There are 2 protein chains.
Amino acid sequence: MDKKKSISIKEIAKLSQVSVATVSRVINNNGRFSEETRKRVQKIIDEYGYTTNMAAKSLRMSKSKTIGLIVPNIDNEWFSQLVLKIEKYFFDKNYSVFICNTSQDEEKEVAYFKTLDSKMVDGIICISGIEEIPTNAISRDIPIVCIDRKPKDHANAYYVESNHYSGGYLATEELIKKGCQRIAIVSRNKTLSVNKQRLEGYKQALKDYGLKEYTELQLLLEPSEANYEGARKIINQLVKEGIAFDGVFATNDWRAYGVMVGLAENNINVPSDVKVIGFDDIFISHSCHPSMSTIRQDVSGLALKAASLLMDLIDNKEIQVDQRRFILPVEVIVRDSTDQKIEKSTLD
Amino acid sequence: MDKKKSISIKEIAKLSQVSVATVSRVINNNGRFSEETRKRVQKIIDEYGYTTNMAAKSLRMSKSKTIGLIVPNIDNEWFSQLVLKIEKYFFDKNYSVFICNTSQDEEKEVAYFKTLDSKMVDGIICISGIEEIPTNAISRDIPIVCIDRKPKDHANAYYVESNHYSGGYLATEELIKKGCQRIAIVSRNKTLSVNKQRLEGYKQALKDYGLKEYTELQLLLEPSEANYEGARKIINQLVKEGIAFDGVFATNDWRAYGVMVGLAENNINVPSDVKVIGFDDIFISHSCHPSMSTIRQDVSGLALKAASLLMDLIDNKEIQVDQRRFILPVEVIVRDSTDQKIEKSTLD
DNA sequence: CCTTGATGGGTAAACGTTTCCACACAATCT
DNA sequence: AGATTGTGTGGAAACGTTTACCCATCAAGG
């Protein structure tokens, strides 16, 4: 293996008989040079396949044309969709996106913040995760935008999120409208602001419709179990304990699917015995059987808002105070899992 | 916003009253220094929260502790699983992984190769995609390992893949064993080596079992349509044209799901009228209805082999010729979509 | 007491950029 | 003609590391 080495500006300069300064100016199309030299230099560049050494450029410029993206779980379709939209936005703007999958591990998140910092990223987007952003892991002054994650000091933070409160309300309302009286919520424990808000919406809807709040129906899973499998288990347990319920609001589609599987294992029919609604509207919600009602978030809107906000911050644009935070509306998608109104609950 | 600036080795040196050389030696634990200075320097480092400027380090060392990962579509669960395992492997080895989603766009892939090159990545893993690796986009001499992608010049290439030929064979055999006589294949057109091999396996199985090969049942979709939706459409068309078939081998689970939806739309029952088998064993294959038989690939094995191979190459380890290519076995997963043997085909 | 070798640590060059400054020359204005 | 402005270009410093090379000190061995 003969070590190939990439050609540098200095060599380009020698070959085209100008100074490195001029070559740099030509490459970045910045500063003054004659059309004639431009051609000559460009010719050599093309001929030798010069590419910028980004390490050197970053070092000199203290920026890297790269943004960092902190995401909890890229194998959750909801997150991968977001990631993809964000990546596309920045690719078109000639920025690279450094994707950091934290697997919901706080230590890993901190480690990634440090890495991003030392790699000189020009900005960071954080998706979900805990409210505390480890800003002390960052030594430079770079903009951070959050999605579905409300940083500790709201006041001068930048974030965009769905209206989770409204989502929780609408989901619960849908179940109520279809005749459910004892509605369980399957969520994650209170570390995540999005789940807190969905829970609040749920409670408010119960209250507004005059339904009782049963604490034994508030099932808050531990993070490690807050997925499909955890939801399945907890529903099994609920049934075993003989606690009555006729509706379940699961705060994401994976959990909702787990709920549906758990119900099926106990021969409880959806939607005739128990109705189920999820959150996110990922593919599984319409591929499962029966198809699942859910709350749809505007994934493109979230991605685009967050990305363009960060871009503006990087470009040092002045951001109006009312343009620093966005709450996007959500939408109920009614499918089979909440089909048919129960006129009279069998639970009464 | 007052511009924070990260502290440099030079400043650490001044504060701890040693030279930059010594600080560097302490940081990298390389070279000679007394225990006493180590302590003094480390104290300052901790106190001021020094982090390495990777741009400078990369520039000096011509490497970056980063590897590039080229992947077609991160929102396909199969790929995101691979990505995640690879990321974990390298995270533990203190390497970062730069994930590049090509969206199956060749131009984008080339662009990303150039980016990776200019970012000085220490190695690249390419997942799937076309056979031609744009090596001319790379100016340095870095190792490349492929997964499910057989580079043009096999001879001295590094790759690991599943046994796709065997997978195609087993899938077809499963349908045949369950009594199917006219088996369609829904795949992608021949740009991808994995699909070519699966097709070959399919053909061989037909031959071995004495079944006729019907060209009108070889449905090869264009890349842009080679997904769920494309499969759904083509099945609808097949039915409309009145072409008979009683089994479908779809070369991935998304396409298989599209097939099942298409069949359902035409009131064709799975598995009693037509049996279906997919490939990959992603979540949807057991969450759909009826649950789907499929070919399971060893995702962990693929990820681990590829990652450790690349790691060895980066570490300049000598790789035996027989350790440069790995073909991993696949496994048939039988579920409801190929349940029940048809004793006598209704097509006869 | 002089040599030798080990130990700890400093100096400075190099990595590939960008950009400030200076300078030469030409064109234009007074 | 002299002053001014504009245009194209080059020199060199700076960004933050690593490391080859050098030097000082000290202990041990002759």
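In chain A, the loop between helix 2 (20-28) and helix 3 (35-48) contains Asn29(A). The model is predicted, and Asn29(A) in it has a positive phi of about 45° although it is not a glycine.

**Positive phi angles in chain A**

- Most residues other than glycine have a negative phi, and most peptide bonds are trans.
- Asn29(A), with its positive phi of about 45°, is exposed, at a relative accessible area of 62%; the cut-off for this class is over 50%.
- Ser103(A) is not a glycine either, yet its phi is positive, at about 50°.
- The position of Ser103(A) is in the loop that runs between strand 2 (96-101) and helix 6 (106-118) of chain A.
- Ser103(A) counts as partly exposed, with 38% relative accessibility.
- Gly179(A), which follows helix 7 of chain A, also has a positive phi, near 100°.

**Cis peptide bonds in chain A**

- Between Val270(A) and Pro271(A) the peptide bond is cis, and its omega is near 5°.
- Pro271(A) belongs to the loop between helix 10 (253-265) and strand 9 (275-277) of chain A.
- His289(A) and Pro290(A) are likewise joined by a cis peptide bond, where omega is about 0°.
- Pro290(A) sits in the loop between helix 11 (284-287) and strand 10 (294-296) of chain A.

- Ser6(A) is placed in the segment before helix 1 (9-16) of chain A.
- With a relative accessible area of 25%, Ser6(A) is partly exposed.
- Leaving aside residues up to four places away in sequence, Ser6(A) touches Glu11(A), Ser139(B) and Arg140(B).
- Ser6(A) and Tyr48(A) are 42 residues apart along the chain, and their C-alpha atoms are separated by 9.2 Å.
- Lys275(A) is part of strand 9 of chain A.
- Lys275(A) is buried, at a relative accessible area of 1%.
- A separation of 7.8 Å lies between the C-alpha atoms of Lys275(A) and Asp339(A), which are 64 residues apart along the chain.

**Helix 7 of chain A**

- Helix 7 of chain A covers residues 164-177, which is 14 residues.
- From its first C-alpha to its last, helix 7 of chain A reaches 20 Å, close to the 20 Å expected at 1.5 Å a residue.
- Ten of the 14 residues of helix 7 of chain A are buried, and the helix is mostly covered.
- The buried residues of helix 7 of chain A are His164(A), Gly167(A), Gly168(A), Tyr169(A), Ala171(A), Thr172(A), Glu173(A), Glu174(A), Leu175(A) and Ile176(A).

**Helix 1 and helix 2 of chain B**

- Helix 1 (residues 9-16) of chain B packs with helix 2 (residues 20-28) of chain B at an angle of about 105°, and the axes are 8 Å apart.
- Helix 1 of chain B is therefore roughly perpendicular to helix 2 of chain B, a term that applies from 65 to 115 degrees.
- On the side of helix 1 of chain B, the contact is made by Ile9(B), Lys10(B), Ile12(B), Ala13(B) and Ser16(B).
- Helix 2 of chain B contributes Val20(B), Val23(B), Ser24(B) and Ile27(B) to this contact.
- The residues of the contact between helix 1 and helix 2 of chain B comprise six nonpolar, two polar and one charged.

**Helix 9 and helix 10 of chain B**

- Helix 9 (residues 228-240) and helix 10 (residues 253-265) of chain B pack at an angle of about 40°, with axes 7 Å apart.
- These two helices, helix 9 and helix 10 of chain B, are therefore oblique to each other.
- Helix 9 and helix 10 of chain B form a right-handed crossing.
- Helix 9 of chain B makes the contact through Tyr228(B), Ala231(B), Arg232(B), Ile235(B) and Asn236(B).
- The contact residues of helix 10 of chain B include Trp254(B), Tyr257(B), Val261(B) and Glu265(B).
- Eight nonpolar, three polar and three charged residues make up the contact of helix 9 with helix 10 of chain B.
- The end C-alpha atoms of helix 10 of chain B are 18 Å apart, which agrees with the 18 Å that its 13 residues should span at 1.5 Å a residue.
- Helix 10 of chain B is mostly covered, with eleven of its 13 residues buried.
- Among the buried residues of helix 10 of chain B are Asp253(B), Trp254(B), Arg255(B), Met260(B) and Leu263(B).

Technical notes. Residues numbered from 1 in each chain as written. Chains lettered and ligands numbered in written order. Predicted model: local features only at pLDDT ≥ 70, side-chain atom pairs only at ≥ 80, totals over all residues. Heavy atoms only, no water. Axes fitted to C-alpha atoms, helices over the stretch in contact; angles between N-to-C directions. Helix = DSSP H or I, 4+ residues; strand = E, 2+ residues; numbered from the N terminus. Parallel < 35°, antiparallel > 145°, perpendicular 65-115°, else oblique. Left-handed = near helix turned anticlockwise from the far one by under 90°. Contact = heavy atoms within 4.5 Å. Nonpolar A, V, L, I, M, F, W, Y, C, P; charged D, E, K, R; others polar. Expected span 1.5 Å × (residues − 1). Buried < 20%, exposed > 50% of the residue type's maximum accessible area, 1.4 Å probe, protein only.
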